[in-house]
Amino acid sequence: MAVQTAALVGRGAELARLEERLAAARDGSPGMVVVAGDAGMGKTRFVRELADRATADGWTVLSGSCVELS
């Protein structure tokens with residue numbers, strides 16, 4: 001049974017770097033970020049946290065997903 005919490009644990013430095021990228025984009029500096037890692041490492045939760053923060057900061061966030069075929 002997986003335990004879920006509302007708090008994002010152990011990704012403060014990574015979130016800070018992506019928030020810096022958002023600030024740079026707001027100032028007109030284009031960029032791209034790829035979030036990659038093994039299955040179960042928390043990529044979805046991490047990106048959801050960043051999207052929530054970006055939305056709270058006035059960004060429009062678009063989200064999508066793929067159909068799992070297996």
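This is a predicted model: local features need pLDDT of at least 70, side-chain atom pairs count only at pLDDT 80 or more; totals for chains, interfaces and linings use all residues.
The expected span of a helix is 1.5 Å times one less than its number of residues.

Figure 1. Residues are numbered from 1 along each chain as its sequence is written, and side-chain values use heavy atoms, with hydrogens and water left out. Helices (H or I, at least four residues) and strands (E, at least two) are DSSP runs, numbered from the N terminus. Along the principal axes, the C-alpha atoms of the chain fill a box of roughly 45 × 30 × 20 Å. The chain has 70 residues, and 11% of them count as buried (under 20% relative accessible area; exposed is over 50%, partly exposed is in between; 1.4 Å probe, protein chains only). The chain exposes about 6000 Å² (Shrake-Rupley method, 1.4 Å probe), and carbon and sulfur atoms supply 56% of this area. Contact means heavy atoms within 4.5 Å. Among contacts between residues at least 6 apart in sequence, 62% join residues at least 24 apart.

**Figure 2. Helix H1 covers residues 12-26.** At 1.5 Å a residue, the 15 residues of H1 should span 21 Å, and the end C-alpha atoms of H1 are 21 Å apart, so the two values agree. The buried residues of H1 are Leu15, Leu18 and Ala24. Helix H2 (43-56) is included in what covers them. After H1 comes Gly28, whose phi is positive, near 100 degrees.

**Figure 3. Helix H2 packs its buried residues against H1.** The 14 residues of H2, at 1.5 Å a residue, should span 20 Å; the end C-alpha atoms of H2 are 20 Å apart, which agrees. The buried residues of H2 are Phe46, Glu49, Leu50, Ala51 and Ala54. H2 is followed by Gly58, and the phi of Gly58 is positive, near 100 degrees.

**Figure 4. Gly40 lies in the loop between H1 and H2.** Gly40 counts as exposed, at 77% relative accessibility. Along the chain, Gly40 and Ala54 are 14 residues apart, and their C-alpha atoms are separated by 23 Å. Ala54 is one of the buried residues of H2.

**Figure 5. Glu19 and Arg53 form a salt bridge.** A salt bridge is a side-chain nitrogen of Lys or Arg within 4 Å of a carboxyl oxygen of Asp or Glu. The closest N and O atoms of this pair are 3.4 Å apart. Arg53 lies in helix H2 and Glu19 in helix H1, so the pair ties together parts that are 34 residues apart in sequence. The C-alpha atoms of Glu19 and Arg53 are separated by 8.4 Å. Glu19 is partly exposed, with a relative accessible area of 32%, and Arg53 is partly exposed, with 35%. Not counting residues up to four places away in sequence, Glu19 touches Leu50 and Arg53.

Figure 6. The place of Glu49 is in helix H2, and the relative accessible area of Glu49 is 15%. An α-helix has 3.6 residues a turn, so residues three or four places apart point the same way. Leaving out residues up to four places away in sequence, Glu49 touches Leu8 and Leu15. Leu15 is one of the buried residues of H1.

**Figure 7. Glu19, Arg45, Glu49 and Arg53 are linked in a network of salt bridges.** A search of the whole structure finds five salt bridges. Among them is the pair of Arg11 and Glu14, with the closest N and O atoms 3.7 Å apart. Arg11 is partly exposed, with a relative accessible area of 30%, and Glu14 is also partly exposed, with 33%. The chain has 8 positive charges (Lys and Arg) and 9 negative charges (Asp and Glu), with His and the chain ends not counted. The mean positions of the positive and negative charges are 1 Å apart, where the place of a charge is taken as NZ of Lys, CZ of Arg, CG of Asp or CD of Glu.
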